[in-house]
Amino acid sequence: GLKVVLANGELLELDGSVVKDNTGYDLTQLFVGSEGTLGLIVEATMGLTRPPAGRVVALCSLPSDTALLKLFDRLRSSKLTLSAFECFDAGCVQHVLAHRHSDGRGPFEALGAQHAVVEVEYADSEAAEASYDELALCFADAQDAEEIEDAVLAGNEAQAAALWAWR
């Protein structure tokens, strides 16, 4: 929540207890975005979380938009903590390849119609291998259901950064 002093000296308390509310203007964001022109923020209360211990990043090649949505649903319904799911089509990959002056196909044998960078996070080092295995199992199930053509999982941070660079 925020406490804001308005130009007339009135103190406005904006309770931040509602996580999702689409019933009107988001006054908290309005005051933050106004950079002091609508009122002076004198107090801000935020809920902080512990940063994740690590992440597993993968790049997937998919045959269609429908397959992309099915993979997203599959990952969301799994035990994994999905922190990113960014999708792009084969045309975007072609632009990346042209920018890199490469005539290759990237990390796949053949480009699919759609691609997704998937990132899952884990809370502690004990969960790292379990998260990696669970993600690989999700991809194997998706491949069996013909929802995914190929996937590459990063084994370290350098590989993760390289996979992110494809989007």
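**Figure 1. Contacts and overall dimensions of the predicted model.** In this predicted model, 74% of the contacts between residues at least 6 apart in sequence join residues at least 24 apart. The protein contains five helices and seven strands, arranged from the N terminus in the order β-β-α-β-β-α-β-α-β-α-β-α. The radius of gyration is 21 Å, well over the 15 Å that the globule rule gives for 167 residues, so the protein is more spread out than a compact globule. Along the principal axes, the C-alpha atoms fill a box of roughly 65 × 40 × 30 Å. Of the 167 residues, 29% count as buried. The accessible surface amounts to about 10,800 Å², and carbon and sulfur atoms account for 51% of that area.

Figure 2. Phe 31 is buried, because its relative accessibility is 7%, below the 20% limit. Leaving aside residues up to four places away in sequence, Phe 31 touches Leu 2, Val 4, Leu 6, Leu 12, Leu 14, Gly 36, Leu 38, Gly 39 and Ile 41.

Figure 3. Leu 27 belongs to helix α1, which spans residues 27–33. With a relative accessibility of 37%, Leu 27 counts as partly exposed.

**Figure 4. The salt bridge between Glu 43 and Lys 3**. The side chains of these two residues meet at an N to O distance of 3.8 Å. Glu 43 lies in strand β3 (residues 40–44) and Lys 3 in strand β1 (residues 2–5), so the pair ties together parts that are 40 residues apart in sequence. Both partners are partly exposed: the relative accessible area is 36% for Glu 43 and 26% for Lys 3. A search of the whole structure finds five salt bridges.

**Figure 5. Glu 119 and the network with Arg 55 and Glu 157**. Glu 119 is found in strand β6 (residues 114–122) and is buried, with a relative accessible area of 13%. The side chain of Glu 119 makes polar contacts with the side chains of Arg 55, at 2.7 Å, and Trp 164, at 3.0 Å. Beyond residues up to four places away in sequence, Glu 119 touches Arg 55, Val 56, Val 57, Thr 81, Leu 82, Ser 83, Ala 84 and Trp 164. The side chain of Arg 55 also meets that of Glu 157 in a salt bridge of 2.9 Å, N to O. This pair links distant parts of the chain, with Glu 157 in helix α5 (residues 157–164) and Arg 55 in strand β4 (residues 54–62), 102 residues apart. Glu 157 is partly exposed at 47% relative accessible area, as is Arg 55 at 27%. Salt bridges that share partners join Arg 55, Glu 119 and Glu 157 into one network.

**Figure 6. Glu 147 and its salt bridge with Arg 74**. The closest N and O atoms of the two residues are 3.0 Å apart. Arg 74 lies in helix α2 (residues 65–76) and Glu 147 in the loop between α4 and β7, so the pair ties together parts that are 73 residues apart in sequence. Arg 74 is partly exposed at 23% relative accessibility, whereas Glu 147 is buried at 10%. Apart from residues up to four places away in sequence, Glu 147 touches Leu 62, Pro 63, Ala 67, Lys 70, Leu 71, Arg 74 and Ala 142.

Methods. Residues numbered from 1 in each chain as written. Predicted model: local features only at pLDDT ≥ 70, side-chain atom pairs only at ≥ 80, totals over all residues. Heavy atoms only, no water. Helix = DSSP H or I, 4+ residues; strand = E, 2+ residues; numbered from the N terminus. Buried < 20%, exposed > 50% of the residue type's maximum accessible area, 1.4 Å probe, protein only. Rg over C-alpha atoms; globule rule 2.2 N^0.38 Å. Contact = heavy atoms within 4.5 Å. Areas by Shrake-Rupley, 256 points an atom, 1.4 Å probe, with all protein chains shown as cover. Polar contact = N/O pair within 3.5 Å; in protein donor to acceptor, adjacent residues only side chain to side chain. Salt bridge = Lys/Arg side-chain N within 4 Å of Asp/Glu carboxyl O.
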